[in-house]
Amino acid sequence: MLLLQHMNGLALNKMLPFHAPLVSLSDFLGSPLQPAYGQPHQTKLHAAPHKLQVCAAAVQEKRRASQSGKRKRNRLFIQSDGKEHLGSALERQPNRPFPGPPSGEGPPLRILPVGGLGEIGMNCMLVGVYDRYILIDAGLMFPDFSDLGMNKILPDTTFIAEWRDKIEAVVITHGHEDHIGALPWVIPALDPNTPIYGGAFTMQLVRRRLQEFNLFNEQRFHTFKIRDTFQAGPFEIQPLRVTHSIPDCCGLILRSEHGTIVHTGDWKIEEDPVDGQQFDRTVFEGIGKEGATLFMSDSTNVLSPGRTVSEASVEQRIMQRVMGHQGKGRVIATQFASNIHRLAAVKKAADAANRRLCFVGMSLNTYLEAAHNVGMAPFDPRELIAVTDLEAHNPNEVMIVTTGSQAEPRAQLCLASREASLNLKLSPTDLLLYSAKIIPGNDTKVMSMMNNVSALGVEIAMGASEGLHTSGHAYRDELEEVMKLVKPQHFLPVHGEYAFLTAHAQLAQDIGVRNTSVIRNGQMIGVHHRRNGNVVSTTGASVKGMQLLGEVKLRMLYNDGNKGTGSDEEMGIEERQQLAVEGIVVAAVDVVRGVAAGGPPQDPSSSSANVSSAAKPSQLRAQIRVTTRAMWIDNGRLLEVLHKVSDAAVKRLPGDASLVAVERAVADAIRRGCKDFNQRRPDVIVIAHEMDPREGAAARASLLRRKTAQGIKQAQNQQNQRQHQQKQQQQQQQQQLHQQRQQQQEEQLAGSSGDQAVEDSTPQPPSPKKRGRPRKSESTSDSDGAIVTGSDQAGTTGDAPAKRKGRPPKSASRQKSSPGQLSEASAEMLQQRTAANPRETAIIGDDAAYD
């Protein structure tokens, strides 16, 4: 105390602001302090103002509760501001239309499961008439061992958000997590005015859960009573009582002008319920007489023959075990926190053995408090002893109920098995009653926890032979009984694995229900009401069975227990599995540049470095650090191999290689090295950076110049290639044109050869002498000089032609021919003339034609 006074007077006055309020140390400790040295005093401590407000309020509440005898309320942990926990839960997915026929067409009654069909948990279903729907339940599913790091699996709320305008109400059947756990993600996906309906106890749990996420709105939430009808969306809904492992569980009767749908929720037939709420056979019989168009029933235990064990039988077994441990030490029971009926049995056993009950685990207090608020608690929470007072009681007078039946890592029993719990310390004199069922997927974790408990010397009672637990889901005989009571026209099994659904449909057919179907999440099914077994009453068409109206691709969303929510790709489920199985390799690469071949790195600012680099080509070196996780390294030999292959990969790169190229080359080398060493494919992360930033800048400049030069050269090559292609195309066009003209000339000459022969054999009168430039007497060729003929002046006598005036003849390009004969020019001459005179038509003079 003197030390605290000294700190208050000296050190804390210097460290904290002067206006920080003072709080009594006794207020922090919860009990008055004993005066030091016989002198009464009150020690004061500085504290942060916002923390002191919370502490002061808690102290005042504790004092008021102790003075008035009221119980202490359970703390509320705020997990979100209403939006920050959503992640990508509301993002719209493209190209995903709502399934089903056009509006107003097809069967009127429609079912579209969003979750719960083909799996245990995540119950969420759309039920509607044409395009008007209600949502029944909004549950989550607990992940298995393969969903590493995940805490919850949610239905596809992106689909619900996209089609929120079709959903007019939400109805909750009971308060288990697989029916209400997804509400913090479903409620923001709905229209802000969409009402939510539930029973009194269920609504207490919903209220608390949504308050943790700042989503509770008193005006949207409505409490219904069993058998009282209310209107929700297109249905008139009547809840009916069914028994389950949680209070206030109900089924639903959905009536409309197009038919009646019965949805059981989770149920069993409890002949002697602890709370006195009997399974309502009367309503089911009435529905059978009224006529049910569609019946949907829980399929969880369809493979279990017989009937479920009564909760009263479990109560007797617990009583026997507790009484048999009298005088031997404490009795510790673990169970599902929501099973209020089991808590009643435990309380009766504790009272019979004169033991006081203590809860170790916050969720137990949460459910008991909710039940007490609506008058469904089996005992007053004020009868519990506080955890802090546990050590002060005689072990033979205490019975503890704790959480952790599924070996949740942070649950109290799991922590106690590792000797890590601050509230529960196990001892060899304890008796542990395992009053729960191991959920499939948790087997390994639960058995590991129980092994740890057994190693501490604790006696354990668990297993079917002990009779300490009974299921809350109906067995096969119970399913058959209710099916016969309802006598539905159509049957759709829900809630369970696909094999369970198929077996339940077969059971219905064996009983006599002809129209059954098994669907998966995302498949919409339509139903008509029938006047008899074959004829549809509303449309006049004869339709047998149920119709599959459409299908939409749904996905599951994952939550990591905090604010991370997204798809399996976004949450990296596959990457987590790869890291767990294959391991990870991380390499840090310090790139060293400016290294001459065969020499050490030099200062780029020195002249010697410039001379050396000019004389010898630059090389790339690196200092590499490699580390691995979750991999077998064979006493470090794997690290040596990875260093070697990484260094070799860097040396093969050019001296101006970018950091990205270095990272890619090293990563590829490490992957190959791991595969060759132990056939593993780990995730590889390589981070490269420059040892000398100046060298890095110079390398980037050199790389830019080299890429620029390569780009220019590549552009020039492309341009040359284009020019060469154009030249080839021109030559091909010229050759084609030449061939066409030659073919035309041959056709013309072939047609005129007969006329020319007749003209040459007939005597011609002498031509009158003309003035001026003499006309070209011989037949001239076309523009390319392909064909020449004999001279007209030679006539038929064969005399030499007279010398003409004007432009001299092109003797080099023409060949003489005998009278009346044709001569063809050579190909070389034709190409020369074509190149020299590319005209297509001849030039016409006054009295002569020129080529």
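I looked up Asp 634 in this predicted model and found it in the loop between strand 27 (618–629) and helix 19 (637–651). Its phi is positive, about 55 degrees, although Asp 634 is not a glycine. I noted this since most residues other than glycine have a negative phi. Is Asp 634 buried or exposed? With a relative accessibility of 16%, Asp 634 counts as buried, because the cut-off for that class is under 20%.

I then turned to Asp 248, which sits in the loop between strand 11 (235–241) and strand 12 (250–256). Here too I read a positive phi in a residue other than glycine, with a value near 60 degrees.

Next I checked how helix 8 (residues 200–212) packs with helix 12 (residues 362–373), and found an angle of about 130 degrees with the axes 9 Å apart. I therefore wrote down helix 8 as oblique to helix 12. The crossing of helix 8 past helix 12 is right-handed. From helix 8 the contact takes in Phe 201, Gln 204, Leu 205 and Arg 208, and from helix 12 Thr 366, Tyr 367, Ala 370, Ala 371 and Asn 373. Sorted by class, I have five nonpolar, three polar and one charged residues in this contact.

Last, I looked at confidence: the chain averages a pLDDT of 81, and 74% of the residues score at least 70. Residues 1–59 have a pLDDT below 50, and this stretch has 58 contacts in the model beyond near neighbours in sequence. Over residues 604–617 the pLDDT also stays under 50, with 16 contacts beyond four places in sequence. Where pLDDT is low, the predicted coordinates should not be read in detail.

Definitions and conventions:
Residues are numbered from 1 along each chain as its sequence is written. This is a predicted model: local features need pLDDT of at least 70, side-chain atom pairs count only at pLDDT 80 or more; totals for chains, interfaces and linings use all residues. Side-chain values use heavy atoms; hydrogens and water are left out. pLDDT is the predictor's confidence in each residue, from 0 to 100. Contact means heavy atoms within 4.5 Å. Axes are lines fitted to C-alpha atoms, for helices over the stretch in contact, and angles run from 0 to 180 degrees between N-to-C directions. Helices (H or I, at least four residues) and strands (E, at least two) are DSSP runs, numbered from the N terminus. Angles under 35 degrees count as roughly parallel, over 145 as roughly antiparallel, 65 to 115 as roughly perpendicular and the rest as oblique. A crossing is left-handed if the near helix is turned anticlockwise from the far one by less than a right angle, and right-handed if clockwise. Ala, Val, Leu, Ile, Met, Phe, Trp, Tyr, Cys and Pro count as nonpolar, Asp, Glu, Lys and Arg as charged, and the others, Gly among them, as polar. Buried means under 20% relative accessible area, exposed over 50%, partly exposed in between (1.4 Å probe, protein chains only).
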